[in-house]
Amino acid sequence: MTDVTNQNGAAQKPLLEIKDLQVGFKTTEGVVPAVRGVDLTLMPGQTLAIVGESGSGKSTTAHAIINLLPGPGRITGGSIMFDGQELTSFSQKKMEEVRGRQIGFVPQDPMSNLNPVWSIGFQVEETIRANGIATGRKAVREHAIQVLKEAGLADADKRLKQFPHQFSGGMRQRVLIGIGLSSRPKLLIADEPTSALDVTVQRKILDHLETLTRDIGTAVLFITHDLGLAAERAEQLVVMYKGRIVEAGPSKEILQNPVHPYTQRLVAAAPSLASRRIQSGTAATPTHALSDLDYAPTTVTESVDLIAAAEERLEQTSQGPSLEKRPDAIVVKDLTKVYNIRGQGKGKASELVASDNVSFSVAKGTTTALVGESGSGKSTVAKMILRLEDPTSGSIMIDGVDVAPLKGRPLLDLRRRMQPVFQDPYGSLDPLRNIGNTIGEPLQVHKVGDRTSRRERVLELLDQVALPENLITRYPNELSGGQRQRVAIARALALKPDIVVLDEAVSALDVLVQAQILKLLADLQAELELTYLFITHDLAVVRVIADNVCVMQRGRIVEAASTDQVFDSPQEQYTKELLNAIPGAGITLGV
Amino acid sequence: MAGYIFRRLLQALPVLVGTTFLIYFMVFAMPGDPLLALFGDKTPNPAVLERLREQYHLDQPFIVQYFLYLGGIFRGDFGTSFSGEPVTEILARTFPVTIRLALMALFIEFVLGVLIGLISGLRKGKLFDASALVISLILISLPIFVIAFVAQFIFGIQLGWARTTVSAGAPIQDLILPAFVLASITFAQIVRLTRSSVIETQSLDFVRTAYGKGLSRRRIIPVHILRNSLIPVVTYAATDFGVLLVGATVTEGIFNVPGVGRTLYQAIIRGEGPTVVSFVTVMVLIYLVVNLVVDLLYGLLDPRIRYVK
């Protein structure tokens, strides 16, 4: 099953052939295996994607190839043949010759992978010099400019002297791609190269990477957690789960006919694919119907089918009064926020309009999604509604009450009824407080009940978010990302709020966990009549959770409509771009 | 840049006024009559006493004394000591010696501390690292005068490598041993700080990427690990300069170095307001300048906090 057959026949020799690779991490309790017997074959010029959730061993496999394993990591068995060389037998010194020169590497997070204290030019030039591509100051500099221009930095010659913090995330990733391809390697390892970026930026960068590697003839080993993205970008797909390959083969085949239960769950949970499935259902275009996909979830007991969840949610919300008749929970009118930023020039302060006359309303018990890329102002709007930032002008009405003048006691009461859940489940929980205290803290702050009643409420909340009771004495670092986000949701629900502001609440989670949390949110909404304001950059998620969508761009709402309208007949060019950028949207799935 | 330095120096003014006032007040509040103490067991002539009192403004209320002194400072007059020598002359005689000693100590602690800390961090858990940690812990736990006496005994008396006391004029070769002793405490701190900073930097993503780019370890260590690790160390070394000046008082006493420490100690015992305050003022000034230099250095090491305007 794990064999990747070469369709071009036996004439071509594989560029990379991994056989029974084993990687372990040395700990005090012995060696913990991270990769347990991985086989894969990559032909010259081909693209292969490894898909899996965090902890599946996909990144470890990639790092093992060029021996970039962190401290306690060791290859404990198997072989890695690259271009006729056995890489596992290479010394550190010999490996330096392979890295950069023969195998390029593009890391995951552009924010942390450039040294902040050296200029961009310096970091590109040292790569060129180390790999012996050019010598002499001028030649190296010219080559660096050329490399960066190829990677899509048009004004590279002017920006060489700038530092990483003066570049946007997308620009930094272009720099890293430029570095990775600077010596025209035969193989490029791209480890989640765009998962930290906005969808539209992601699309542009991946398109560019594809063109570049095709022109140079570089084979690409693409690591990602996004099945849709993988299928769109790679001919061959390898699905990893707990250190093993569970399924491998041509991308389209796997997507249309997943055999392994884990792959089936992934296919069912991937929001990018799910939203497309819903879309194809409502658009009623039979040629696009993915009927083959639909049997997948039924064969797996544990799976969360997003479409089913979304339909269920829709049914529940429509049981109440129809959407139009519900009273508005949040009404935002002409909300504007202007920041003064210190200018680079001669003491000139310039103004940044983060939110420009934003108006929308959210009906009670419904979900409105605020969608946009980073910098579009969506989080600023959320912060103002939560009264964490003061608006420059405009008004916010919560249940008909203007919240702007509230101070002290009434403000505290407002906070009680409106709770936030933030993006990073690692950063938003205090590592020194146990789960029970974390969830119970709002009750304490607002002096609700006594010790025993608070404890009861905490247990009730744990039950509501489907966490075991014994977690009450555990600490955040003992929990997984999904569990932490459940804790954050439980904390938000502690005071029985009417409104929950979810600021990128599922963006940092693996797809399967993401699907579970989305399902949980939908269930809770039906049960508790909650109103959600859902802030996200990911349109794919919106489809399964939101009733209405407001698309934001540069501080303005450019399009506001019901979810179906936005997906089926987007009016604005920008919305269309966002929709097209959803990974997997471009796959033509002929059945 | 010039504007930034000017602003920083302006900020130093209130700090200077505040510290001089505090020190002046504390010397004033010390019990006993400084003039009577000067005469020891002898009973002084009341007329002489009266004249001295007038000369040193000791008959005035505290606040008047303070402003007379402050006014003097702005005219470049730091007053005179009880021995009749202008304080400016004492400053000019003693400060170069102490600054030489402190700079030598700073050099030793920084170069050796960073080097040993770097090796320790790169070989975490190995024998070198373990020994460096134990030795630095011993140095931190021991009071400086114990280290001074032990060093005097071993290197001065047993081995005869260095003089136990510093000769007149404080030549550099005589100051080597006191400088090592003075550096010892902060040296241990710098070893530990550099070590932990190197360990942290080593695990950062951009270091892995640097390996991925095909750079050799020999290049990555100085360029990508050491430079980034130095940022917290440099910050520490700045605040640490004050510790050096304090440590100098003890070290100078033991090694008989004719520097600030010894003179200041004697002036405090005698309750000589102007001398004590002048010394402290100059020390504060040095401290502020060192901090400014370090802040500028910090911007050089880390472009993210380079000062605009």
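A residue is taken as buried if 20 or more other C-beta atoms lie within 10 Å of its own, as exposed if 12 or fewer do, and as partly exposed in between, with C-beta atoms placed from the backbone. By this criterion, buried residues account for 34% of the 309 residues in chain B. The model is predicted, so that local features need pLDDT of at least 70 and side-chain atom pairs count only at pLDDT 80 or more, whereas totals for chains, interfaces and linings use all residues. Residues are numbered from 1 along each chain as its sequence is written, and chains are lettered from A and ligands numbered from 1 in the order in which they are written.

Chain B contains 12 helices and 0 strands, where helices (H or I, at least four residues) and strands (E, at least two) are DSSP runs numbered from the N terminus. Along the sequence the pattern is α-α-α-α-α-α-α-α-α-α-α-α. The C-alpha trace of chain B spans about 85 × 60 × 30 Å along its principal axes. Two residues are in contact if their C-beta atoms, placed from the backbone, lie within 7 Å. Of the contacts in chain B between residues at least 6 apart in sequence, 74% join residues at least 24 apart.

Contacts between the chains involve 22 residues of chain B and 25 residues of chain A. On the chain B side, the elements giving two or more residues are α9 (205–212) and α10 (217–255); α9(B) gives the most, with 6 residues. This side of chain B has 7 nonpolar, 7 polar and 8 charged residues. Ala, Val, Leu, Ile, Met, Phe, Trp, Tyr, Cys and Pro count as nonpolar, Asp, Glu, Lys and Arg as charged, and the others, Gly among them, as polar.

In chain A, helices α3 (residues 120–130) and α4 (residues 137–150) pack at an angle of about 110°, with their axes 9 Å apart. Axes are lines fitted to C-alpha atoms, for helices over the stretch in contact, and angles run from 0 to 180 degrees between N-to-C directions. The two helices, α3(A) and α4(A), are therefore roughly perpendicular (65 to 115 degrees). Residues A:G121, A:V124, A:E125, A:I128 and A:R129 of α3(A) meet A:V140, A:R141, A:H143, A:A144, A:V147 and A:L148 of α4(A). The residues of this contact comprise 6 nonpolar, 2 polar and 3 charged.

A:P14 lies in the segment before β1 (16–27) of chain A. A:P14 is partly exposed, because 18 other C-beta atoms lie within 10 Å. Leaving aside residues up to four places away in sequence, A:P14 touches A:T41, A:L42 and A:M43.

Key: Angles under 35 degrees count as roughly parallel, over 145 as roughly antiparallel, 65 to 115 as roughly perpendicular and the rest as oblique.
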